[in-house]
Structure formats: C-alpha cells, structure tokens
Amino acid sequence: MILVDADIGLRNLDLVLGLEKRIVFDLVEVVEGRCQVRQALIKDKRFESLSILPAAQTRDKDAVTEEQMVGVIELLGDLADYVLIDCPAGIERGFRNAIAGATEAIVVTTPEVSAIRDADRVIGKLAQQGMPMRLIVNRIRPEMVRSGDMLSVDDVCEILSAELLGIIPDDEEVIDTTNRGEPVVLDDANRLKPIYEKIVRRLEGEIVPFTNLDNQGFFGRLLGALKAG
Amino acid sequence: MIELFNRLFGRRPSSATAKERLRLVLMSDHLSLAPEMIEAMKRDLVDVISKYVEVDRSKIEVSFEQQDAALAMLANIPILSVNRDAGDRVASRPSARPPALGKQPSKRRRKKGSAGPAAGKPAAAT
C-alpha cells in the first residue's frame, strides 16, 4: 500500500503520519528524474506494508503535469496492491493531476452546507471523467443529527446521489493522535479503529453493514440529550 | 426528546433548512454548469411555441430564479404575430409529431388543415 501526497506545495501527509523527519526525496524530484521512485518512498515502520510518497513543499502544482502523474502512479502500481492518492482541495490543476492516474475516487465530505456543495462540484468533475466514486461522510456528530441540528448521512447521500463507503464520527481523539503523529488506528481501544477497518473491507469488495452510531443505549442517549440540550 | 421540544416551540430543525437550501443551490449550480443543455431546452421550447405564434428568436431570454421553495425558469419570448391557423392545426393533427429540432421557421405555415374546434389540446403536439 502506497500513499501519495499529491498536494504539492502544501505537504502534510508526512506530518499527520509522524514521518516528517525521514523525508529525503519527494514527488517532484521523482517526476524530474532526480531520484528513483523507490528512493523517495518512506516506509512506515509501524505498518508492515505501508509507504508514503511525500509531496514537495517548496514547489507548486504546476511542477507536475497530468502525464507525469500518470507515469508515477503506474510505477507505484507495480510496487503495491493499492495506491491511495491524497488529492488537494479545489478543482484546479492539483485536482486534475491527482485524478489523472487514478481508477477510482473516494470523496470525503463533512455534513456541512459548504462542504457538500463543493463535494457536489467534485463529483460532477469525476463523473465527466467517467470515474467511479464512493462517498465518506466524515465528522458526523450523532447527537446533533438526532436533534436535527446536523444533516444526516442519509441526507448527504441523497443530496449528492452518491454511494456510501463509510461514516466516520467526529472524535476529539483524532486531534490528539494527529498532534503526536500517531494514526488513530494504532490505538486498539479507539472507537474509530473498527470503523476505518470496515471502510477498508468495503474497498476490498466485502459487503459490510454500517455501524449504527445511534446505538449507545439509554444512558448514552440521555447523556447525549443533556449535552445537546 | 429534543425533536419534541423543537416541535413544541415551533422551531424548524436547521438540518431541514440546510437540506432545502442545498437542494436549490445545487439545482442552480447544475443548470449554470450545463449551458448547452439550456440552449437545447431553449431551442425545443421555441420550436413548440412557434407552432402557435411567431416569435423573435434573437430576443429570447431564459433565466432561472429562486422563488421561495422552488427554482423557477423565467422565459421572455417576444411574440411577433399569432398564427391564425394554429387552432386549426391542433385539431387537424391528432397524432403526435416528433419534435422539430432544426431551425425551420417556415414550417409553421406549411400545413393548413380543416376547421375544427380551437379549444386546444396542445398536449397532443409532443
């Protein structure tokens, strides 16, 4: 599994994963032929089969063309079962580069009006390219959905007419683990771990029921109601 | 429980407002991103109307406007003259005709049918 940070100029995937000190080469240097693609890959020692290809920090989106991106992704495809490309925000050059070598897209949105409108635009662009896509709704707050203060996952899927790949509840611990550069899935006790694992299984083609975030028992509900109230 | 409170105090949940606003804004986004579709629709619309009245094709304006809970299409189509035989034609052609897509304004005056009740069935002209 190789993660590619396609957000050239705004490199962050390394920081989130706690790998920032180990970067030697980056995506742009690979494209420009200054190093071999293998030399630029950073192996994440905590996961057996995970490597990342970092973005360049001091260049901009124009440093890479769509054709070059397709070339790099093809090379990476020979080295791994999955190549996951982290796409920059927006629908301009960076977006076009990121999707150039992709065969399938995962659109991540939050249940907020601005994010959903942008997601709709991105989904339209992907549809133009004929690229299959699935949706992840991130940072859902079940208690707010219950009280009618937040759009539900069903609402979001209906508005975007998209197939759902996963629902990720909002969790303060993500901020904490990101601060440390430790992916939240390393913590066996974290409630997000099984949720991420389910997404992975769905990507592998398995049919996995969605976690019912409402299912927290009477006291959980009461607590939620008190908090929300 | 909270929903009950909201209902008691007549407060509409903001998620419902969000959904409604998104529905409308995405509809107008999709329209503004499909100018070819709007042009094609304008053409078809004018072709249909032209069977009954002569319109000024160069001065047609079509716009979309949000009106309360719906998106409305506003069409401003200047009429040059009324085809007197239009009513006759509706009666003379009970079967549906495939929509004329070409720019053939002369087509309007071609057929002259027998007299009949003018109380129209314009729906037959699909």
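Two residues are taken to be in contact if their C-beta atoms, placed from the backbone, lie within 7 Å. The structure is a predicted model, so local features were kept at pLDDT of at least 70 and side-chain atom pairs at pLDDT 80 or more, while totals for chains, interfaces and linings use all residues. Residues are numbered from 1 along each chain as its sequence is written, and chains are lettered from A and ligands numbered from 1 in the order in which they are written.

On that contact criterion, B:A75 pairs up with B:L45 and B:V62, once neighbours within four places in sequence are set aside. B:A75 sits in strand β3 (residues 70-76) of chain B; strands (E, at least two residues) and helices (H or I, at least four) are DSSP runs, numbered from the N terminus. The C-alpha atom of B:A75 is 6.4 Å from that of B:S63, 12 residues away along the chain. B:A75 has 13 other C-beta atoms within 10 Å and is therefore partly exposed; buried takes 20 or more such atoms, exposed 12 or fewer, and partly exposed is what falls in between, with C-beta atoms placed from the backbone.

Chain B splits into domain 1 (1-33) and domain 2 (35-124), with bounds from an automatic or database domain assignment. Where the two meet, each of these domains of chain B puts in five residues. The domain 1 side has three nonpolar residues, one polar and one charged; here Ala, Val, Leu, Ile, Met, Phe, Trp, Tyr, Cys and Pro count as nonpolar, Asp, Glu, Lys and Arg as charged, and the others, Gly among them, as polar.

Beyond four places in sequence, A:V4 is in contact with A:L27, A:L53, A:L76, A:V83, A:I85 and A:D86.

Helix α5 (residues 93-100) of chain A buries A:G94, A:N97, A:A98, A:I99 and A:A100. The cover over these residues includes α4 (66-79), β4 (83-86), β5 (105-109) and α6 (113-128) of chain A.

A:R139, at about 60°, lies in strand β6 (residues 133-140) of chain A and counts as partly exposed because it has 16 C-beta neighbours inside 10 Å. A:S161, at about 35°, is in the loop between α8 (153-160) and β7 (164-169) of chain A, and is exposed because 10 other C-beta atoms lie within 10 Å.
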